[in-house]
Amino acid sequence: MSIFSKYEGLASALSAVTAGGGRNPFNVVIEKPISSTVGLIEGRETLLFGTNNYLGLSQSPSAIEAAVEAARAYGVGTTGSRIANGTQGLHRQLEERLCAFFRRRHAMVFSTGYQANLGTISALAGKDDYLLLDADSHASIYDGSRLGHAQVIRFRHNDADDLHKRLRRLDGTPGAKLVVVEGIYSMMGDVVPMAEFAAVKRETGAWLLADEAHSVGVMGEHGRGVAEADGVEDDVDFVVGTFSKSLGTVGGYCVSNHDGLDLIRLCSRPYMFTASLPPEVIAATMAALTELENRPELRVRLMDNARRLHAGLQAAGLRTGPQASPVVSVILDDVAVAVAFWNRLLDLGVYVNLSLPPATPDQHPLLRTSVMATHTPEQIDRAVEIFAVVAGEMGINRAA
């Protein structure tokens, strides 16, 4: 038996997606970013509406210059984990910056956002604890639960009442109860009612972790996420996030006011056994964080653009997610139609993400777009126009 025989079903599904000479949607190459909003794909200039680069800071001149200077001064890598030789002065500076930004006492920096969830959740919730997870939680959250061997209880998506019922059933049961929610959910772009979950946390004595990966830099007066926007930051015990969205670099973090977070450094395996971020990435991230703090107009422009794209797609007769956020998904009913639609969009110069079941809510295929502060109104209108053209070609002109 081949060691790969277990993947025969996956191979068949991929063959169906690429049948008839179609592209592999999971292997698109952006040959060169021309700007934050335009890239070269298949030799053509293409509008980028699938990069999560919400503030456009991946192309920030100040971040680029900071990275160059750091590489010259410190070299290009650390060659070790944070608990060995991989902690340099820049790592400590970034953690101090994160503490100041989030107004928290403690911060840990991980090498990726995925590892931030994996390392934090697995260390906080062990085999004798309970993890209460939103049904639409990101894969990194579920993987963290497996690494920590906590008992997992799922509650209905964005339903604080359902969470409350499940916590009441655990009343008196030994073990910590850690609730995990996301600020903005990455598939549909819907925003968590954080204040409702904070109220449940207060009443039941549970712990609350918010994954604000898609909402930091987007929500809140200072860009600290949905907890800030809802005025419940003090009720959120741990904030996990990533540098690869609004900050445009790579890496992840956890911030908290609980002194025990520092102990996590000695028992979080993804933190302990992964090489630390290279100096140039740390420097670029701090420069991007400075821009995020000093340019609140980027958040205003981002949300204006999100509303423009969301309204435009709905006006074109397409079914979208429930609210305007930097993630705007077009919901389709058939995988083959979604694949053909995605290919045609790329033919006409618009790159989006194709998201397929089982990774999507309710088993619907999605054309997932992400908008940026740096998109111009003309670029958004052009993307909407191309969506409408393809929908017309395919006979999709209804909103339901």
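Okay, so before anything else: what we have on screen is a predicted model.

If you look at β11 against β14, they pair antiparallel over 5 bridges. To get your bearings there, find Val327: its bridge partner in β14 is Ser370.

β13 is 353–355, β14 is 366–370, and Pro358 sits in the loop between them. Here's the bit I like: the peptide bond from Pro357 to Pro358 is cis, with omega near 10°. The loop between β13 and β14 also holds Asp362. That one has a positive phi of about 60°, and it's not a glycine. Buried or exposed, then, for Asp362? Exposed, because its relative accessibility comes out at 67%, and the cut-off for exposed is over 50%.

There's another residue like that elsewhere. Arg103 isn't a glycine either, and has a positive phi of about 60°. You'll find Arg103 in the loop between α3, residues 89–102, and β4, residues 106–110. Arg103 counts as exposed too, at 56% relative accessibility.

Leu170 is in the loop between α6, which is 160–169, and β7, which is 177–182. Although it's a loop residue, Leu170 is buried, with a relative accessible area of 10%. So what does Leu170 touch, leaving out residues up to four places away in sequence? Tyr130, Leu132, Ile153 and Lys177. And if you want a distance to check, go back to Gly148: that's 22 residues from Leu170 along the chain, and their C-alpha atoms are 19 Å apart.

Last one: His164, which lies in helix α6. His164 counts as buried because its relative accessibility is 13%, and buried means under 20%. Setting aside neighbours within four places in sequence, His164 is in contact with Val200, Glu203 and Thr204.

That's my tour, thanks.

Notes:
Residues are numbered from 1 along each chain as its sequence is written. This is a predicted model: local features need pLDDT of at least 70, side-chain atom pairs count only at pLDDT 80 or more; totals for chains, interfaces and linings use all residues. Side-chain values use heavy atoms; hydrogens and water are left out. Helices (H or I, at least four residues) and strands (E, at least two) are DSSP runs, numbered from the N terminus. Buried means under 20% relative accessible area, exposed over 50%, partly exposed in between (1.4 Å probe, protein chains only). Contact means heavy atoms within 4.5 Å. Two strands pair if DSSP finds at least two bridges between them.
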